[in-house]
Amino acid sequence: MTVTSTSIGLVVVLLGVHVVDQTHAFFVSTNHRDTPRRSFLSMSTTAADVKWSPSIKTGERDEIYGPIQKYCENLYEVQRRKTRTVTCGPIKFGSDHPIVRQTMATTDTSNVEATMDQIMRCADKGFDLVRVTVQGKREASACMKIREGLFQKGYDIPLCADMHFQPKVALMVADAVEKIRINPGNFVDGRKSFEERVYETEKEYASERGFLIEALEPLVQKCKDLERCMRIGTNHGSLSARVLSFYGDTPRGMVESAIEFADICRSLDYHNFVFSMKASNPLVMVQSYRLLAAEMYRMGWDYPMHLGVTEAGEGEDGRMKSAIGIGTLLADGLGDTVRVSLTEDPEFEYEPCNRLSEIAQSTVAADNPLAKQQQAAVIQYVDTRDITSFARRHGELPAQQEGDVVDVRGFLNRDGSVISVVKPEMFNAENVPYFYQELGCKTAVGMPFKDIATSDSIFLRTVPPSSNTAARTAIRRLIEVSVGVIVPAEELEKDPLPNAVAYMALEDALAKNGALPEGAIRLAVSVDGTESDETLAKIKDLNPMVVLLCPNPELSHLHASRRVMQIFKNNDISTAVIHHFITDTNDTNELALQMGTKVGAQLTDGNGDGIMVEPMGAAQSLSVDILRRTSFGLLQGSRMRSTKTEFVSCPSCGRTLFDLQETTASIQKATGHLAGVTIAVMGCIVNGPGEMADADFGYVGTIPGKVDLYYGKEVVKKSIPNEQAVDALIDLIKEYDMWKDPEEAEKEEATEGATVVAA
């Protein structure tokens, strides 16, 4: 964002800084001592003066406001949640304004020139706001110079100071930037200034609120006087000891922590703030934001929300996790500003950030006649999802039956299944060895065997003829190692394939009373959301192995899928449901965003047992291997099936004490083959033990050139030189019996297959 004007001599006033039109010399004044305002050293607000929100634990909130009724504007049509407008310099947050796209600088904030250069690159890329880290007075002073320098270069993009632990420094930097981000988890008691204890009563818990007021009130008053914006940004991994003691490490704790800080702001008549509820686990993140939105609805609050998955990662995996979390919320009309946190340079966050915003905007019914038509076309249903808790629906797995000559139990996986769409020519003799690898199979003397990330089943629109014995042999070998082969029933009727799974549209299956073609051993039915409630209910009598859910393009994908799953719930239908996703993109980053948004929105509700991606058009250039890996990435990002090492990694900022991208790559190369193991890579102690809530092992920068290693949240090795730290980490993993030596043939796959996540 740059300062522009259509009239000579126009003066723009921002932050108390006067910026003359670019055709004239700039005059910048940052001396706020001439601004009349109250003394920040004479605050007198006490806990008794604050109008605290009624207690959730005692039931008082339910008594006063009634139970939670809703979390979004409309369950059946996409409408943006109505919010007030929050001003942040030249931009505005809220439902009456476009979604704000933001990022965070990774430079050392005290390096003024480097930080300015990066911010300008981000502004030129299209970002609306940039956050910078402020860990002390030196960085606060640098922010003043950065702000002045940007104005002088014609950039009025607003800046946000990222604050942890330092209320006094927050007061200083408020003179320089348009927005302050505070973390309720460590703004006051992040360094364990409160004694860890068990609170027996609400009164005991509330008795320590005076500490919060003492730290927050001066900043609130200054933000009011200078018209600054604030973000009350709770992180799942850095809840305060006080909140953890009372609420536990839960979405409820995240929400109540933020509400407590908001109560202080509201009691001081300060309303120019937004909320965020970030977590590295998209399921926790989605539940926390929904719970916050629900509480705001019932209490009559209307503050905007900033969306982000912390520790989202790099590459397709980082984009996938962001799409699962952010996309799910945007699909319900929640969220007014977005940041996609990647372990990459901040400029690379723009494309996924902007694309998620575009996808969300394209579904808002009021602005898009086609979207409104698709949402209205979904048959009416009553949505009974409970957003206050998470429970996954587990579809039934195939069971062996008398007469089965193959093991069907591996056709689906209990933690989530991947079905690969393949073509008959892939079974040509010269292609088969490579094709088995594309499916993720191990091979021995040409024979395929299932591995940890092998496709569970394959789907063939047409099948090689029985006269092609080499192809039929290759298919038979897959079935013999429990890879299911799903083929349309009409194809099997023309040329039977022994032990295949017959695929039929639900109506056809009902018309045939579930009768299978010759040689088929199980039934798969397709559903597109146009079926009546009564027709869907008959699936229970058919008892197919699996339902492939592929919403009709004339229906809203989100709402049609939710309706089908609701009908299943109403009728106690326990059949496994695989989301059949059709795509025409050959851009793997775009594919990750599409899958994360559309299918991830179902998986975050606990609805769905896997994914089948069918490429059309340009997407047919994507290999089976790429689609398989992306599908497993979706399942892992949705916390279903872990098939690769997961790295919880902060996206780097001015606090980072080592080259995060290079270090993460080194650790990934050494440990990427440890499926089911989570390793946290944190650039500094701010994103240290708390942010590693989901990790088995931690690698945390402490001082320049040194790291500490953690097992869980406990530091077990201190001050290890950077050049020795990766080997020390491997030794630590071995010490806890979680190490496996990679097979030589799989060393390259270990690096490619690892997932990286960023804060």
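How far is the sulfur of Cys 88 from the closest cysteine sulfur? The distance is 4.6 Å, to Cys 229, too far for a bond. A disulfide here is a pair of cysteine sulfur atoms within 2.5 Å, and a search of the whole structure finds zero.

The model is predicted: local features need pLDDT of at least 70 and side-chain atom pairs pLDDT 80 or more, while totals for chains, interfaces and linings use all residues. Residues are numbered from 1 along each chain as its sequence is written, and side-chain values use heavy atoms, without hydrogens and water.

Buried means under 20% relative accessible area, exposed over 50%, partly exposed in between (1.4 Å probe, protein chains only).

A nonpolar core is a set of buried Ala, Val, Leu, Ile, Met, Phe, Trp, Tyr and Cys residues joined through side-chain atoms within 4.5 Å. The largest has 97 residues, with the most contacts inside it made by Ile 180, Leu 219, Met 230 and Phe 275. A second, separate core of 60 residues includes Leu 412 and Ile 521.

Contact means heavy atoms within 4.5 Å. Leaving out residues up to four places away in sequence, Leu 219 touches several residues, among them Ile 180, Phe 187 and Met 230.
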